[in-house]
Structures are given as structure tokens and as C-alpha cells.
Amino acid sequence: MKKQYDSFTFTASRNGTYKFCFSNEFSTFTHKTVYFDFQVGEDPPLFPSENRVTALTQMESACVSIHEALKSVIDYQTHFRLREAQGRSRAEDLNTRVAYWSIGEAIILLVVSIGQVFLLKSFFSDKRTTTTRVGS
């Protein structure tokens, strides 16, 4: 709850279709984006003979530590990709709003300039008076 980034591990007890339900009760005015990363099953063993009773060699233990470090790098990359996607979404929304605002300002500027032209024309135009003759 109230987290920007979190990880949740769930082990399914049976095969089948599962559903997710989310709530937006803390902020109903803004919509949220949720990203999923599913990992089905366990990672295959790094070495096929990992179930052996002998100790790992120095090369094998270095490979295991590098593998664990790379998994954490993948997690960080996923986190930063999500942050980049959030920032991109915000920037695109802001770009759309600025575009609409500038179109509105351009229309208002056009209407005001046309209005000023007609107003100035009315100041400098001769007003013709019409005379009517009554009876001849």
C-alpha cells in the first residue's frame, strides 16, 4: 500500500487461471499505471550438477556470485524502466496540455486582432447620413 515500487512473490497452489484486483482508493482523481513481471517456475540451476555434495570450486562460486549480481542488475533495470515510462507518460500529457493551451491562445489572439481591426476601421470610416425627402 502507498508504494511506488514493490515486489511480491506468490506461489500458486494449483494450476489454472488467476485474476488480479487493484484498488485506487487513495487517489481516485488520478489514474495509475501498473506493471507486471511474471516469472513462472524456478530458475534452472546454474550448474547441472549443483545437487552434488562436494563444495563448489572457486570458478563455480564466482559464477554463482556474478549470476546473483546480474539478477539484481535486472531488477534495477526494471525499476528504472518503470520510472522512465512514468516520466515519459507525464511528459506526453504535459505536451498535450501545452499544445491545446497554445491553440486556444492562438484562436483568442486571432479573434482579438480581427476585433481590433474592425474597431479601428469604424473610427476612421465616414458615416454616411441618409436624408429622406418627405412629399414632393
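Arg97 is exposed, with a relative accessible area of 56%, and its side chain meets that of Asp93 in a salt bridge with an N to O distance of 3.6 Å. In this predicted model, Asp93 and Arg97 both belong to helix α1, where they stand four residues apart, about one turn of the helix. Asp93 also forms a salt bridge with Arg90, for which the closest N and O atoms are 3.7 Å apart; these two residues likewise lie in helix α1, three residues apart, again about one turn. Through salt bridges that share partners, Arg90, Asp93 and Arg97 are joined into one network.

The structure holds four salt bridges, and another of them links Glu84 with Arg88, the closest N and O atoms being 2.9 Å apart. Because Glu84 and Arg88 are four residues apart in helix α1, they are separated by about one helical turn. Glu84 is partly exposed, its relative accessible area being 41%.

## Annotated transmembrane region

An unreviewed UniProt entry annotates residues 98–119 as "transmembrane region".

## Aromatic pair

The structure holds one aromatic pair. The ring centres of Phe10 and Tyr18 lie 5.8 Å apart and the ring planes meet at 70 degrees, so the pair is edge-to-face, given that planes over 60 degrees apart count as such. The two partners fall into separate accessibility classes: Phe10 counts as exposed at 54% relative accessibility, while Tyr18, with a relative accessible area of 39%, is partly exposed.

## Nonpolar surface patch

Phe20, Phe22, Val34, Phe36, Phe38 and Val40 make a nonpolar surface patch of about 720 Å². One of these residues, Phe38, is found in the segment before α1, the helix that covers residues 58–124, and Phe38 counts as exposed at 56% relative accessibility.

## Cysteines

A search of the whole structure finds zero disulfides. As for individual cysteines, Cys21 counts as exposed, at 77% relative accessibility, whereas Cys63 counts as partly exposed, at 33%.

Technical notes:
Residues are numbered from 1 along each chain as its sequence is written. This is a predicted model: local features need pLDDT of at least 70, side-chain atom pairs count only at pLDDT 80 or more; totals for chains, interfaces and linings use all residues. Side-chain values use heavy atoms; hydrogens and water are left out. Rings of Phe, Tyr and Trp (its six-membered ring) pair if their centres lie within 6.5 Å; planes under 30 degrees apart count as stacked, over 60 as edge-to-face and the rest as tilted. Buried means under 20% relative accessible area, exposed over 50%, partly exposed in between (1.4 Å probe, protein chains only). A disulfide is a pair of cysteine sulfur atoms within 2.5 Å. UniProt positions are given in the numbering used here, feature names are shortened, and annotations may be inferred rather than shown by experiment. Patches are made of residues with over 30% relative accessible area and no salt bridge: like charges are joined within 9 Å, nonpolar side chains (Val, Leu, Ile, Met, Phe, Trp, Tyr) within 5 Å. Accessible areas come from the Shrake-Rupley method with a 1.4 Å probe; for residues, only the protein chains shown count as cover.
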